[in-house]
Amino acid sequence: MKKKEAYNEAVNGDEGFAAGEGYPSCEGEPCANVADDGAAAADTMAEDTQDAAASGAEAEKSDAAAEAAAWKDKFLRLQAEFDNYRKRTLREKMDLVETGGKEVLKAMLPVRDDVERALAAMDKSDDIEALREGVRLIAQKFTETLRQRGVTQMEAAGEPFDPDRQEAVAKFAAGEEKRGLVIDVVQTGYMLGDKVLRFAKVVVGE
């Protein structure tokens, strides 16, 4: 019985433990709760992690917005440059058409001058041969002026009929050896470069 009482007193009190031998000694002060300190530290770390994640998300959102703004600016600049290019190209084409027509008409004026001089000579001279030579020279000059502008005459007589360059206005019985050939040229055809400027009107043999 005495042994049981002594055991209970030892368990309820501090008997059997010396300071620094595994028993917490707070030297008369309330001991701190180590478990509570660990929980508080864990909560603080969790909050720091959440703050860091939120900060990272905000940074990514800000970078994405900046990149989107940069691409939008590039798109608007490119659209403006293309619109300016389209307008400039259209204006240049219109100027080219007007200038091209102007240059051709300007090149025709000397020929017109020669025709006027030939008409004046016809009123003053009875020399038919000289007048013929003058008209022949005017025709040559006119042909050369056209050639300089890329206009050339089609050679059709005696050639096989070409529907891509010629227009048959009549057919003529010319024998087997001339079947499908151009017998006569009613109206001369002209080429502008490698394209038909005017179809030749021809008579085809059959």
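The points below go through a sheet and then some salt bridges.

1. Please keep in mind that this is a predicted model.

2. Three strands form an open sheet in the order E2-E6-E3, and the pairing is mixed. Strand E2 (166-172) and strand E3 (182-187) are the edge strands; each has a single partner strand, so one side of each lacks a neighbour in the sheet. From one strand to the next, the twist averages 30 degrees.

3. E3 runs antiparallel to strand E6 (residues 200-205), and four bridges connect the two.

4. Now to the charged side chains. The salt bridges number ten, and I pick out a few here. One of them joins Arg 112 to Glu 116, with the closest N and O atoms 3.5 Å apart. Both residues belong to helix H2 (residues 34-124), where a spacing of four residues puts them about one turn of the helix apart. Arg 112 is partly exposed, because its relative accessibility is 48%, and Glu 116 is likewise classed as partly exposed, at 40%.

5. Which parts of the chain does the salt bridge between Lys 141 and Asp 114 link? The N to O distance in this salt bridge is 3.0 Å. The pair connects distant parts of the chain, with Lys 141 in helix H3 (residues 128-148) and Asp 114 in helix H2, 27 residues apart. As for accessibility, Lys 141 has a relative accessible area of 35% and is therefore partly exposed, whereas Asp 114, at 14%, falls under the 20% cut-off and so counts as buried.

6. The side chains of Arg 147 and Glu 144 come together at 2.4 Å, N to O. Both residues sit in helix H3, three residues apart, or about one turn of the helix. Arg 147 has a relative accessible area of 46%, so this residue is partly exposed; Glu 144 is also partly exposed, at 31% relative accessibility.

Notes:
Residues are numbered from 1 along each chain as its sequence is written. This is a predicted model: local features need pLDDT of at least 70, side-chain atom pairs count only at pLDDT 80 or more; totals for chains, interfaces and linings use all residues. Side-chain values use heavy atoms; hydrogens and water are left out. Two strands pair if DSSP finds at least two bridges between them. Axes are lines fitted to C-alpha atoms, for helices over the stretch in contact, and angles run from 0 to 180 degrees between N-to-C directions. A salt bridge is a side-chain nitrogen of Lys or Arg within 4 Å of a carboxyl oxygen of Asp or Glu. Buried means under 20% relative accessible area, exposed over 50%, partly exposed in between (1.4 Å probe, protein chains only).
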